[in-house]
Amino acid sequence: MPASLNAIRTTHPHLQKAFSSLPDGEAHLGRIEELDRYWEQLSHPVPDVVREGSSMPPDAAFSATYDIIYAGGTLGMLHAAVMAVRHGRRVLVFDRNTPGRSTRDWNISRQELCRLADTGVFSKEELDSVIVRKYKTGWVEFHKEDGSQKRLYMQNVLDCAVDADRLLGLAMEKVKAVKGCEVLSETSFVRCFRFSDHVVVETAGQKGKAAWFRAEVLVDVMGILSPIAMQLNQGRPQTHVCPTVGTIASGFLGADFETGEILASTGPAETSPGRGRQLIWEGFPAKGDEYITYLFFYDEVASPNDKSLLGLFDTYFKRLGEYKIMGPDFRVHRPVYGIIPAYFHDGFSRTREIADDRIILLGDAASLASPLTFCGFGSMVRNLESLTAGLEAALKAGSLGKKELEKVSAYEPNVASMANLMKYMCYDSTTDEPNFVNDLMNEVMVALDDLPEHYREAMFRDEMKIEELAVVMLKVAWRYPGVLKATWDKLGVEGSVGFLKNISGWAFSRMKQPWW
């Protein structure tokens, strides 16, 4: 049973006060608590939701049959639209909440967003219609006690604010317009049963009523809460996380609607409780007079820190005034939040499980995106063409076993290697000075400022080449020798070897071609 806002009046007073002014504050509190159950799941026995067909109840009756079933209706809706419209597949999309709705809004460059037009399903006019604001420039800045921090400006990085619900709504309407396709709300995944030639998915409706659906393949897009990902990865589907909270609000004084604040820290790390955390802000202009602010931090899944969204939201409302000036007309329109997943691949290529026979994981359920700036939406947009073409090829060939499906992947060797930088941003009071993360990242900004502009744009768009990363790393090490000790503290022997494996895999990846 979700807590009410009155129940958190003393434990989370700043959150309680802010959400009490929202007409749907209780509903958002319930969603936040739902996401925070992720931390409980990690201590529970590994779920048993992927089962052999022989264990399916004998009285189970199919409600309908499809080519593809999508468990999850957020990012998966984009994939489903392409499979339904372009490839003529009969698809079912269901979601435990409302399909086609996101708890966050998204930023991306127009050039990257227009990759969706390459699928032939979305027109450039439609994509332009979901861009609610385009700012002129963006910057990154990390706090220095003496005020000497480098503010690094860059172009074409996350410079378009996207109305996520409008984009997903367009995709959902395209799915529903295809004969034989269906979208279900308030429908939860229970378990699935694998047979040699199909998969059966058991669901529960709003009142707990069971239903069974048959398909050739199940696409798991249930996000960080995916029980399938939990089972396939032995209860440890992520190694790192980025808890993120914020609001879409109006009434800030002095907000610059021509500039995006891509990463901004306003002080040293919090040093207690647990191992401490380096809080980082983001600020993006949105439609009209609305402005989006986020607060987040990077951490290991296994750290003792409080990583709950509930706790972080209370900190957000307590400290928002340190980042932006709230005027007399300040008003929160909608909270935005999520737990951005990350996974350290200790190998030359992907080491996380993302598929099983007749099951494939996409989006945050697969946890293959970088948590630094691009995240799950950017990864899905960048890889949508290959992810849909790959699944269509597998369906046509009848090659839907684990080995074939895990090749239909958004894994990018450069992204996996770059994601190692996140470890340096996980503050640890047992080894780090309070301003360590800021000092190190400031040196990275200085190094990038000394290089041609495409270096900074490539780094913050997850497009950096291996030789470019080497140049940046050498420049940082030359300016800031302390990074060598930090590497030992953050990576150790095992992590350093793993990073070298990632780099090696990246170097050789250029020789590989998609199997389809």
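In the predicted model, Tyr316 is in contact with Val245, Gly246, Thr247, Trp281, Thr293 and Leu295, when neighbours within four places in sequence are left aside. Tyr316 belongs to helix H8, which spans residues 309-323. The residue is buried, its relative accessible area being 0%. A separation of 144 residues in sequence lies between Tyr316 and Met172, and their C-alpha atoms are 33 Å apart in space.

Met172 is itself one of the buried residues of helix H6. This helix comprises the 13 residues 164-176 and extends 18 Å from its first C-alpha to its last, close to the 18 Å expected at 1.5 Å a residue. Ten of the 13 residues are buried, so H6 is largely enclosed by the rest of the structure. The buried set consists of Ala164, Asp165, Leu167, Leu168, Gly169, Leu170, Ala171, Met172, Lys174 and Val175. At the start of the helix, the backbone nitrogen of Asp165 has a side-chain oxygen of Asp163 within 3.2 Å.

H6 is also among the elements against which the buried residues of helix H3 pack; the others are E3, strand E4 (91-94), strand E5 (106-108), strand E10 (182-184) and H9. H3 covers residues 75-85 and is mostly covered, with ten of its eleven residues buried. These are Leu75, Gly76, Met77, Leu78, His79, Ala80, Ala81, Val82, Met83 and Ala84. Asp67 is located in the loop between strand E2 (62-65) and strand E3 (68-71). With a relative accessible area of 8%, Asp67 is buried. Residues up to four places away in sequence not being counted, Asp67 touches Gly88, Arg89, Arg90, Ala215, Glu216, Val217 and Leu395.

Helix H2, residues 25-41, has 17 residues and reaches 25 Å between its first and last C-alpha atoms, close to the 24 Å expected at 1.5 Å a residue. Its buried residues are Gly25, His28, Leu29, Ile32, Glu33, Glu34, Leu35, Asp36, Tyr38 and Trp39. They pack against helix H1 (13-20), strand E15 (240-253), H8 and strand E20 (325-342).

Two helix pairs were examined towards the end of the listed elements. The axes of helix H13 (residues 436-449) and helix H14 (residues 453-460) come within 8 Å and cross at roughly 135°. The two helices are therefore oblique to each other. On the H13 side the contact is made by Val444, Met445, Leu448 and Asp449, and on the H14 side by Tyr455, Arg456, Met459 and Phe460. By class, this contact has six nonpolar, no polar and two charged residues.

The axes of H14 and H15 come within 11 Å and cross at roughly 105°. H14 and H15 are therefore roughly perpendicular to each other. His454, Tyr455, Ala458 and Met459 of H14 form this contact with Glu468, Val471 and Val472 of H15. The residues involved divide into five nonpolar, one polar and one charged. Tyr455 and Met459 of H14 are named in the contact with H13 and in that with H15.

Asp462 is placed in the loop between H14 and helix H15 (466-479). Its phi is near 55°, a positive value in a residue other than glycine. Asp462 is buried, with a relative accessible area of 3%. Ser367 likewise has a positive phi, of about 55°, although it is not a glycine. Ser367 is found in the loop between strand E22 (359-361) and helix H9 (375-397). A relative accessible area of 2% places Ser367 among the buried residues. As a point of reference, most residues other than glycine have a negative phi.

Met425 occupies the loop between helix H12 (421-424) and H13. Met425 is buried, with a relative accessible area of 3%. Apart from neighbours within four places in sequence, Met425 is in contact with Phe142, Ile280, Tyr298, Leu372, Val437 and Met441. Met425 and Ser148 are 277 residues apart along the chain, and their C-alpha atoms are separated by 20 Å.

Key
Residues are numbered from 1 along each chain as its sequence is written. This is a predicted model: local features need pLDDT of at least 70, side-chain atom pairs count only at pLDDT 80 or more; totals for chains, interfaces and linings use all residues. Side-chain values use heavy atoms; hydrogens and water are left out. Helices (H or I, at least four residues) and strands (E, at least two) are DSSP runs, numbered from the N terminus. The expected span of a helix is 1.5 Å times one less than its number of residues. Buried means under 20% relative accessible area, exposed over 50%, partly exposed in between (1.4 Å probe, protein chains only). A polar contact is a pair of N or O atoms within 3.5 Å; within protein, one must be able to donate a hydrogen and the other to accept it, and residues adjacent in sequence count only if both atoms are side-chain atoms. Axes are lines fitted to C-alpha atoms, for helices over the stretch in contact, and angles run from 0 to 180 degrees between N-to-C directions. Angles under 35 degrees count as roughly parallel, over 145 as roughly antiparallel, 65 to 115 as roughly perpendicular and the rest as oblique. Contact means heavy atoms within 4.5 Å. Ala, Val, Leu, Ile, Met, Phe, Trp, Tyr, Cys and Pro count as nonpolar, Asp, Glu, Lys and Arg as charged, and the others, Gly among them, as polar.
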